[in-house]
Amino acid sequence: RMAQAGFPIGYIDTVILSHYHSDHYAGLLDLVMTGAIQQPFSNRGAPLQLFGPPGVEDIATGLWQATNPDRNIRVADNEIDPEHMRIIPHIYEQGTVYDKGGLKITAIKVDHGEFIRPAYAFRVEYCGHVFVHSHDTRYNENLIANAHNADVFAHEVAAASPETIAAYPEVRTAINHHSTPQDVGRVFAKTKPRLAILTHLALLPPDPMPISAVMAELAEEYDGLVLVAEDLMRIEICKNISVIPFHYGRAGQ
């Protein structure tokens, strides 16, 4: 996706993880390995800084071991500095995680389930503007308290049709770890962002709920504008908020 958006993979020198479900850090292996290659498509010139809740040290140690075979080959070929394939772990707790160059990122503790603790949302502040991302959470008052006055608030949502739940009762485990459309509507109604966005849409198969049904349930609690996010969509926050689909946002378009 970074390549599609026109960013070298080595452009990323810092990663902040919200929690340790696989879909939230499985891409680190490629990021740390390919990013170390000294070519225009990568070219990270330093170790990768990785911020996460307790447990981030295990990821750093494990990935250093896992990348060893590739690293040995590329060092022998004089292709990389081996230290550029290293991850430097940083443990964070609720509060300010990153504050540099006018960019401030605050971690907000959320509720993603009994065995997924801690888990965090993020409030990003830059040049007088605010972007909030819920990451994975159930309905959570702490997130609401820290998400007011957002220009853009991106919130996860999960839903399953009654037929899916009846045929596959185990999907309740996933549903119970996330926010229902009505939950998300209540969150948006209480925080009143300039633009509300749905992301991380867990619409569970084999009979997924249509997005129109999701939006109808959300509308029972919130009557404002809600955008459904797509991969590679670009959001520009200035005096106004511009949402640019990938097709129109590519270079030369």
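Visitor: Which residues do ring pairs link into a cluster?

Guide: A pair of aromatic rings is described by the distance of the centres and the angle of the planes. Rings of Phe, Tyr and Trp (its six-membered ring) pair if their centres lie within 6.5 Å; planes under 30 degrees apart count as stacked, over 60 as edge-to-face and the rest as tilted. Here the cluster consists of Tyr92, Tyr120 and Phe122. The model is predicted: local features need pLDDT of at least 70, side-chain atom pairs count only at pLDDT 80 or more, and totals for chains, interfaces and linings use all residues. Residues are numbered from 1 along each chain as its sequence is written, and side-chain values use heavy atoms, without hydrogens and water.

Visitor: How many aromatic pairs does a search of the whole structure find?

Guide: The search finds six. One of them joins Phe7 and Tyr11, whose centres are 5.2 Å apart with planes at 40 degrees, so this pair is tilted.

Visitor: Are Phe7 and Tyr11 buried or exposed?

Guide: Buried means under 20% relative accessible area, exposed over 50%, and partly exposed in between (1.4 Å probe, protein chains only). Phe7 is partly exposed at 40%, and Tyr11 is exposed at 56%.

Visitor: Why is the pair of Tyr92 and Phe122 called tilted?

Guide: Their planes stand at 55 degrees, with the centres 6.2 Å apart, so the pair is tilted. Tyr92 is buried at 4% relative accessibility, and Phe122 is buried at 6%.
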